[in-house]
Amino acid sequence: MRNQLRLSAETTPWPLTTTGLPSPTPTPTSATKTPSSPTATADEDLAVGGVRLAEIAATYGTPAYVLDEADVRARARAYRSALPEAEIAYAGKAFLCRAMIGWVQSEGLSLDVCSGGELALARHVGFPADRIVLHGNAKTPRDVQDALGYGVGRIVVDSTYEITQLAVAAHAGHPQKVLIRVTPGLDAHTHKAIATGVEDQKFGFSLATGAAADAVRQVLHWQLADRPALELAGLHCHLGSQITSVDIFAEAARRLIALMAWSRDEFNVIVPELDLGGGHAVGYRDGDPDFDLETYARTIRTTIAKACHQHRLPIPKLTVEPGRAIVARAGVTLYRVLTMKRIPGIRTFVAVDGGMSDNPRPALYGSAYTARLIGRTSTAPPEPMTVVGRHCEAGDVIAHDLPLPTDLRPGDLLAVPCTGAYQHSMASTYNQVCRPPVIAVRDGVARVLIRRETLEDLQARDVSL
Ligand code: LLP
């Protein structure tokens with residue numbers, strides 16, 4: 001029988017990297033992880049979604065992103081079942097294409113978009129406008145016009161300028177629902193580049209300075225006008241990404257509910273929705289901490305109930321916006337080894353046919369990944385090797401010091417798991433390198449969702465000598 005990446009934890013063929021693997025049953029707690037193997041293993045028959053990875057590489061070339069549809073759907077369902085009372089808005093910035101939007105829609109999720117481009121894709125496939133939330137600290141006038149034109153459910157406002165501009169652009173008498181993005185002043189202890197709950201960053205209205213209260217006042221000015229242009233649908237916060245602590249979300253909920261109570265006391269207006277954003281962590285390697293969705297659901301539910309009881313407020317509708325937690329583990333990137341460099345006593349470098357253009361996360365955030373040999377069986381002992389890309393930078397590293405077989409050689413295939421989120425969506429064409437395709441797998445069938453970029457694609461934009 002061919003090995004499947006979707007085997008149970010006991011039989012997983014990928015002991016080095018089990019946390020990064022697609023799995024039909026999401027395993028949000030570390031208790032379900034298998035222990036790391038002390039030896040590097042290789043497997044010629046390793047498969048995802050019933051399709052051999054080596055076969056995908058042979059058919060579609062490398063590098064290639066592989067995406068397990070069943071895994072995405074299972075994680076979407078896990079959110080819906082853990083939080084049946086909540087609206088789950090998938091954060092499309094993690095990965096978006098037409099098929100992904102279709103999966104999200106059919107699993108009953110809403111969609112968080114953060115640009116006119118993401119909105120256009122959602123509109124293109126007819127995603128219901130009322131289930132779209134538009135974000136962005138600096139929306140262009142065109143973004144706003146497009147959102148109003150499509151009738152998106154909520155627009156998250158991020159600055160006083162934006163509130164005024166939106167109110168003027170919206171049709172008086174047909175109020176646009178808005179969420180106010182609040183900065184709750186909480187440090188999620190994640191990488192600085194993705195920490196957004198703290199005071200000193202570009203997003204949102206500070207609770208501490210009173211800016212958030214002023215924003216409530218400003219939106220209500222337009223809501224309580226004779227011909228209202230805005231409607232305060234809720235308060236929003238997003239604390240950052242790769243957050244493992246559940247308590248910090250509970251604290252954010254308490255702080256935002258206190259602001260809701262202030263709005264009721266000051267204006268006699270009940271704010272109906274609490275959006276706690278996304279940021280739920282994913283363990284990329286064995287031993288990396290995971291986000292515990294069940295504990296989150298229980299804690300947030302209890303916290304909201306208690307805080308609302310204290311403030312004598314009705315329970316608001318809860319919205320959460322996971323991106324990475326839905327799609328990261330469904331992805332595996334396939335590379336071919338191009339060359340190797342051994343520096344005796346120092347390091348062995350394995351250079352592959354991709355790199356920071358298809359996965360900028362190690363360079364941007366110091367993110368750690370694993371990789372393993374696929375496509376042939378090796379019994380050679382492992383030695384630490386650093387997998388690097390083909391770009392003109394020393395920082396173009398995919399994974400540091402991994403145990404890979406000593407007989408690794410050019411032409412071999414490597415698979416890097418847990419690459420479904422913020423890989424394709426942040427890919428670049430650095431060094432005029434074309435972006436890889438995205439191949440979906442399901443029930444033994446592979447299909448191209450996004451084709452490989454060609455040099456013609458790149459050169460088509462270069463319109464003048
Ligand atoms: N909601 C809002 C308003 C956001 O800004 C984000 C992510 C999310 C939800 C989803 O966050 P997630 O659940 O995926 O962590 N490029 C970085 C991540 C940047 C996230 C930006 N905002 C990375 O590769 O780690």
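Because the model is predicted, local features were considered only at pLDDT of at least 70 and side-chain atom pairs only at pLDDT 80 or more, whereas totals for chains, interfaces and linings use all residues. Residues are numbered from 1 along each chain as its sequence is written, and side-chain values rest on heavy atoms, with hydrogens and water left out.

Helices (H or I, at least four residues) and strands (E, at least two) are DSSP runs numbered from the N terminus, and two strands are taken to pair if DSSP finds at least two bridges between them. On this basis, strand E14 (residues 331-343) runs antiparallel to strand E15 (residues 347-352), to which it is joined by six bridges. The two strands form a hairpin with three residues between them, and Gly345 in the turn has a positive phi of about 75°. Within this pairing, Met340 has Val350 of E15 as its bridge partner. Val350 also stands opposite Val387 in E17, a strand spanning residues 382-388 that runs parallel to E15 and is joined to E15 by three bridges.

Strand E19 itself (residues 413-417) is mostly covered, since five of its five residues are buried, where buried means under 20% relative accessible area, exposed over 50% and partly exposed in between, for a 1.4 Å probe and protein chains only. In a regular strand the side chains alternate between the two faces of the sheet. In E19 both faces are covered, with Leu413, Ala415 and Pro417 buried on one side and Leu414 and Val416 buried on the other.

Elsewhere, Arg154 lies in strand E8 (residues 154-157) and counts as buried because its relative accessibility is 5%. Its side chain is joined to that of Glu87 by a polar contact of 3.0 Å, a polar contact being a pair of N or O atoms within 3.5 Å of which, within protein, one must be able to donate a hydrogen and the other to accept it, while residues adjacent in sequence count only if both atoms are side-chain atoms. Leaving aside residues up to four places away in sequence, the residues that Arg154 touches (heavy atoms within 4.5 Å) include Asp130, Gln176, Glu273 and Lys317.

The UniProt annotation "domain: Orn/DAP/Arg decarboxylase 2 N-terminal", from an unreviewed entry, covers residues 70-328. This span is 42% helix and 15% strand, and its end C-alpha atoms lie 13 Å apart.

Terms used:
UniProt positions are given in the numbering used here, feature names are shortened, and annotations may be inferred rather than shown by experiment.
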